[in-house]
Amino acid sequence: MAVPTAAVVPFVATSCKAVKADAERPNVIFILMDDAGYGDFGCYGQTKTETPNIDALAENGIRFTDMYTAAPVSSPSRACLMTGQNMGNSQIRENVEGRVEDGIWNFDIVDQEPSIEGQMGLKPGTPTLGTMMKEAGYATGMVGKWGIGGPASGSAPWDMGFDFYYGCVCQRVAHNYYPRYMWKNGQKEYINDREKVTHPGTKLDKGADPYDWSSYDKYSEGKVYAPDAMYDNVVEFVRTNKDKPFFLMWTTPFPHSPLQAPKEWVEKYVAKYGDEEPLVGEKCQLNGWPHNYYPCRYPHATYSAMISYFDHQVGMLIEELKRLGVYENTIIMFSSDNGPANNASSPTVWMDSAAPYRCGKGWGKRTLKEGGIRMPFIASWPAKIKQGVVSNHLGNFADVMPTVCDIAGVEAPKNDGVSLLPILSGNPEAQQEHKYLYWEYPAAGGMIAVREGKWKGFIDNVHAGNRTMQLYDVSVAGKDIETADKNVAADHPEIVERMWGYIEESHLLA
């Protein structure tokens, strides 16, 4: 069986008529981080980086232990989240540029020609979280990274149901926390002067001391930090729509490379971690992209600072929701698009970012192993959810579509998820369970994975013709790593055979 690079699967939206009065419907905020791992947060075991506000969301709501992203990289993960489809049905299965030609990695050229900005998009007319909530009568907004269609593709956020958008439509442009511009409702908003913007791969000045922090000032000094501009627009959207139901997706680029954070937040972790070797290195090319991004004086401290700074912003948003009187009836869901990266600008092995699962090359992002796809997932709804709930519900991003449609009181389009509303409303005994979860990933040699109960089937090197399934008991990860990493397929041929059946019914050829 071949794993396709992409497929277009037609969606047929069902009738979408709101059945609940506005006063009965909660606001919904979905917060999505970028490349954050399962173990990057205190409530999931992190001991280095401090995340008190995200931890408080878990303490006051539900912390899910067995929730998964739909894909191990950004674009397909976001496509599946937006449509409710798993990777067997998804229109996008890999990070694919909208156009592949010279210049797409040059920020100046991209600024001049929007048609080369952005990644492969969704088919026009595809029902998304945005379109469904908009048709349900919600004010819809997104702030942050998009990554599933360029501004001229017909698959930009403003084409896909969002009344308000502010952020980086293209994920290449998002790989700079001091960019020249953001997109706002289909128009560019320039936030930094062109001459101040440094391109990824820009080295330290000749003769500069890599141990002198001031040598790195040119990368940030005098510039607007994109996450600050994004936060301002998050608050703007909430304030504007506080008197009616709203749906907001806050898709921050944190903590995706490059390593860039406000100096005072880095200083906090320098004091905690002590001195460390700077990240300088030579310009490493990866498909024309400088893999090392920007030099960084304190890479470990900066990675923690990025996550902690975002945690601080989450805390400020919660305080604003309380001030506006809408916090109690606002559902906040929190997760990450895929597991932790492995490059010179992502010190995730040192941070143990996927704990209790492994990360690093071959274990985190870009793999279907647990470190690449098992995600932190938190849900808070003060008016309904009891405090301190821990749920082992087996789910993934496909569940978000039927969940938000149930919240809004509308019928969801065809999807691969199950609604989490019973758990969110304090009725877990009524929660529907998945029979199994399915993943496929066409890059890295081709991978397939299936999760059923405590069992996970995994097949790699699919493009080379491999059809041998490995079988693992993932329920013991972190307790007995030798058992968790032991392939027991030979001991359970009946489970392997059953999982092959799931693969055949889930995998749709283009």
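Are Phe64 and Phe377 buried or exposed? Both residues are buried, where buried means under 20% relative accessible area, exposed means over 50%, and partly exposed lies in between, for a 1.4 Å probe and protein chains only. The structure is a predicted model, in which local features need pLDDT of at least 70, side-chain atom pairs count only at pLDDT 80 or more, and totals for chains, interfaces and linings use all residues. Residues are numbered from 1 along each chain as its sequence is written, and side-chain values use heavy atoms, with hydrogens and water left out.

**Aromatic pairs**

The structure holds 29 aromatic pairs. Rings of Phe, Tyr and Trp (its six-membered ring) pair if their centres lie within 6.5 Å; planes under 30 degrees apart count as stacked, over 60 as edge-to-face and the rest as tilted. Two of the pairs are set out below.

| Pair | Centre to centre | Angle between planes | Class |
|---|---|---|---|
| Phe64 and Phe377 | 5.4 Å | 85° | edge-to-face |
| Trp213 and Tyr298 | 5.0 Å | 75° | edge-to-face |

Helices (H or I, at least four residues) and strands (E, at least two) are DSSP runs, numbered from the N terminus. The Trp213 and Tyr298 pair also joins distant parts of the chain, 85 residues apart. Trp213 belongs to the loop between strand E6 (187-190) and helix H5 (226-240), and Tyr298 to the loop between strand E9 (289-290) and helix H7 (299-324). Trp213 is partly exposed at 22% relative accessibility, whereas Tyr298 is buried at 12%.

One aromatic cluster is formed by Tyr177, Tyr178, Tyr225, Tyr231, Trp250, Phe254, Trp265, Tyr309 and Phe310.

**Charges over rings**

A charge sits over a ring if NZ of Lys or CZ of Arg is within 6 Å of the ring centre and within 35 degrees of the ring normal. The charged end of Lys48 is placed over the ring of Trp350, 3.8 Å from its centre. Arg358 lies over the face of Trp363, 4.6 Å from the ring centre.

**Helix H13**

Helix H13 (residues 493-506) has 14 residues, which at 1.5 Å a residue should span 20 Å, and its end C-alpha atoms are 20 Å apart, in agreement. The expected span is 1.5 Å times one less than the number of residues. Ile495, Val496, Met499, Tyr502, Ile503 and Ser506 of H13 are buried. These residues lie on the same side of H13 because they cover an arc of only 115° around the axis, taken from the directions from the helix axis to the C-beta atoms. The face turned away from the buried side carries the exposed residues Pro493, Glu497, Glu504 and Glu505. Among the elements that cover the buried residues of H13 are strands E14 (437-441), E15 (447-452), E16 (455-459) and E17 (470-473), contact being heavy atoms within 4.5 Å.

**Cysteines**

A search of the whole structure finds zero disulfides, a disulfide being a pair of cysteine sulfur atoms within 2.5 Å. For Cys80, the nearest cysteine sulfur, that of Cys405, is 16 Å away. Cys80 is buried, with a relative accessible area of 0%. The sulfur of Cys359 is 17 Å from the closest cysteine sulfur, in Cys43, and this is too far for a bond. Cys359 counts as buried at 13% relative accessibility.
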